[in-house]
Amino acid sequence: MRVALFATCLVDFMRPSVGFAAAKLLQQAGCTVDVPVAQTCCGQPAWNNGDANNARHLARQMIDVFYDYDYVIVPSGSCAGMLRHHYPTVLADDPDYSLKASELAVRCHELTGFLVDVLGVTSTGATFDGRLTWHDSCSCLREMQVSQQPRQLLTSLPGCELVELPDNEVCCGFGGTFSVKFPEISTRMVTDKVDAIVATGAATVAAADLGCLLNIAGRISRRELPIRVFHVAELLAGMTDTPAIGEES
Amino acid sequence: MKTNTREFPQRAQEALLDERLQAALGKARGGFVDKRRAALDELPEFEQLRLAARAIKEHTLSHLEEYLLQFESEVESSGGQVHWATDPAEACDIAVSLCRDANAQLIAKGKTMVGEEIGLNEALEAAKLRVVETDLGEYIIQLADEPPSHIIAPAVHKSRGEIAELFESHHHGEGFLRPLESVPDIVDEARRVLRDEFLAADVGITGANMLIAETGSTVLVTNEGNGDLTSSLPPVHIVIASIEKVVPTLEDTTILLRLLARSATGQPITSYTSFFTGPKRSSDLGGPEQFHVVLVDNGRSQMLGNAYRDMLRCIRCGACLNHCPVYGAVGGHAYGWVYPGPMGSVLTPLMIGLGDGHVLADASTLCGRCEDVCPMSIPLPRMLREHRLQSHHDGLMKPLARGALGFWAAIARRPRLYRWLVERKSRLLHRIAGKRGYLRKVPMAAGWTNSRDLPAPQGGSFVAAWQQRQKNEGSGK
């Protein structure tokens, strides 16, 4: 099975360890993993800000890069959601790409959803020691229907005690450019989220979207709380030796 | 009503710093969410009802003219009259002239959001009519001279203490029954003052939650019974309703009612569900001599044919407000016009124009919880994005933001340049952060770094590192 890893621009730029972790998990499960070098950004910032023209350009570029693979796997619910649910709309009026967009859409998966639903992975061979809480990103939860899959994989890690986050259905306040356009509202939302994380008593919080994680980690770091923030792929691949997001090296 | 939508960012900031408001919002948010959850847990057929309700509305919208004409003819056969209003001004003129025809001086008014939308109170007051709001929440904000901050709980932003203060200053001299220490005390006090108004009113104006085509009835849900008094005590009853409120049958009405109260307040059904059909018949003991329905379009028939058609399914339950983290953080007044929260951010730009309203469409993380809880499955995030597409097309975005996004896209569209930049930029930021792992200040990103650190990149891009690794493995290193 030939699988392309779309790392996403945030992972590419901020946190290569997430990309390596994702590739490791896929390879372990028997996939041949390719990382196409021409990948850039899925165009979500353009699309969510109403820039249809750039969104179309980037969607076509992405389709050219990824179309020939059996699957496109994304360590992010929101970027996977962009490919799966939005590309067909973005390119609906494009005679050359509308069909391709729909064909690619169904082959695109969020990483943990793919591991569990398509590959039937039940454990990853890693271990984790301690109490962990899970942040459901809005796009994983509502757009990609990914919520049980990461929980299944995380609870399969020997030593991992998964505690549920109160108000887990509530957004962390990242929202891409929202966090910059409405910083005070965003701050209030992430503060509520961090308070909820603290209330669980977990020493680690994980999620499947680096956007949320940067937001949460940024707030945790500013409040100097002793909570480690990781992408789910890093935990599942046993890469907790890597400094956590925003953590001292 | 005055439009303050452009000031949303400033008003939101003020709201975040308003401790009384924050306390009131915190209480309300949890209450609404938990009560709805509990109500749905006892309704296993919720999803089926939701599908059925959606189908009813879709069908009605496809035959809207037909059902509205049927409604009109049924209202007439029961002795009432229907008036058609294209825009707010026409709707207000109709209402005012109906009041004048009745030689009215005092108007008892029930809660009506479409009344707010058309600026009915201002129009009535400009015609020298005295208007008394009879819904407790509306009465409170009328005393406070404020617009509603929530579509079903207009005074949700007020604490009990603030309400007691308002009553004390406005009812001064009339003598309280007892000190206003509890919610029942407040309700009793409002009831005492309003009773005389009901009896003295010349015209009663209410809204409508539904209009039933097959019977010509209007349906009103309330929890205080004020709707019944407003509609049946004064000699003239005027119903103000927007055109999408029509449903074909009584049976359809019951399906929508089962969703409405549960989604709104978590009640299985509201305390009062009233059906008004025509004026007083000779066999009736009481009721109005005249029954009028003013049907308001105000852009809705246009929405039938554009990207916002789904919005016409809205039954105004307020679930999207109650579950919206932005609404929950800033409350309804920050939005600056009649309809707040996600449904408002879709409707407002359509009603007051995108120039004034586009900022509201931006004030969402597109988290999708509104669509998730909407009993009519309205794709609110899609429509917010639709507004954003139009704003971008019309050049309404701030030049700096537009420039920054365009710059980003221009780089992302050039993979080689992109690769080169990502590689260098990530190493640079990594070096600046040093061992610390985060940046406390970043130029141009004060909005982020005022409250958050920016985690530093690990240094070097993933794609380049992956290629290097593949090369090394290929050459056996």
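Leaving aside neighbours within four places in sequence, Ala95(B) is in contact with Leu120(B), Ala123(B), Leu124(B), Ile205(B), Ile238(B), Ile240(B) and Val294(B), contact being defined by C-beta atoms, placed from the backbone, that lie within 7 Å. The model is predicted, and local features need pLDDT of at least 70, side-chain atom pairs count only at pLDDT 80 or more, and totals for chains, interfaces and linings use all residues. Residues are numbered from 1 along each chain as its sequence is written, while chains are lettered from A and ligands numbered from 1 in the order in which they are written.

Ala95(B) belongs to the largest nonpolar core, which has 214 residues; Val72(A), Leu83(A), Ala95(B) and Ile240(B) touch the most other members. A nonpolar core is a set of buried Ala, Val, Leu, Ile, Met, Phe, Trp, Tyr and Cys residues joined through C-beta atoms within 7 Å. A residue is buried if 20 or more other C-beta atoms lie within 10 Å of its own, exposed if 12 or fewer, and partly exposed in between, with C-beta atoms placed from the backbone. Another core, of six residues, lies apart from the largest one and includes Ala433(B), Tyr438(B), Leu454(B) and Ala456(B).

Chain B has 477 residues, of which 49% are buried. Its secondary structure comes to 23 helices and 12 strands, where helices (H or I, at least four residues) and strands (E, at least two) are DSSP runs numbered from the N terminus. Of the contacts in chain B with a separation of 6 or more, 74% involve residues 24 or more positions apart.

In chain B, six strands form an open sheet with parallel pairing, in the order 1-10-7-4-2-3; two strands pair if DSSP finds at least two bridges between them. Strand 1 (81-85) and strand 3 (130-133) of chain B are the edge strands, each pairing on one side only. Neighbouring strands of this sheet are turned by 25° against each other on average, direction ignored. Strand 7 (residues 236-242) and strand 10 (residues 290-296) of chain B run parallel and are joined by seven bridges. His237(B) stands opposite Phe291(B) in strand 10 of chain B.

A further open sheet of chain B has four strands in the order 8-5-6-9, with mixed pairing. Strand 8 (246-247) and strand 9 (272-276) of chain B stand at its edges with a single partner strand each, so one side of each is left without a neighbour in the sheet. Strand 5 (residues 210-212) and strand 6 (residues 217-222) of chain B run antiparallel through three bridges, and Leu211(B) has Thr218(B) in strand 6 as its bridge partner. Helix 12 (residues 250-264) of chain B lies across strands 5, 6, 8 and 9 of chain B, at about 165° to strand 5. Axes are lines fitted to C-alpha atoms, for helices over the stretch in contact, and angles run from 0 to 180 degrees between N-to-C directions.

In chain A, the axes of helix 7 (residues 111-118) and helix 9 (residues 148-155) come within 8 Å and cross at roughly 80°. Helix 7 of chain A is therefore roughly perpendicular to helix 9 of chain A, a class that covers 65 to 115 degrees, with angles under 35 counted as roughly parallel, over 145 as roughly antiparallel and the rest as oblique. The buried residues of helix 7 of chain A are Leu111(A), Thr112(A), Gly113(A), Phe114(A) and Leu115(A).

Technical notes:
Contact = placed C-beta atoms within 7 Å.
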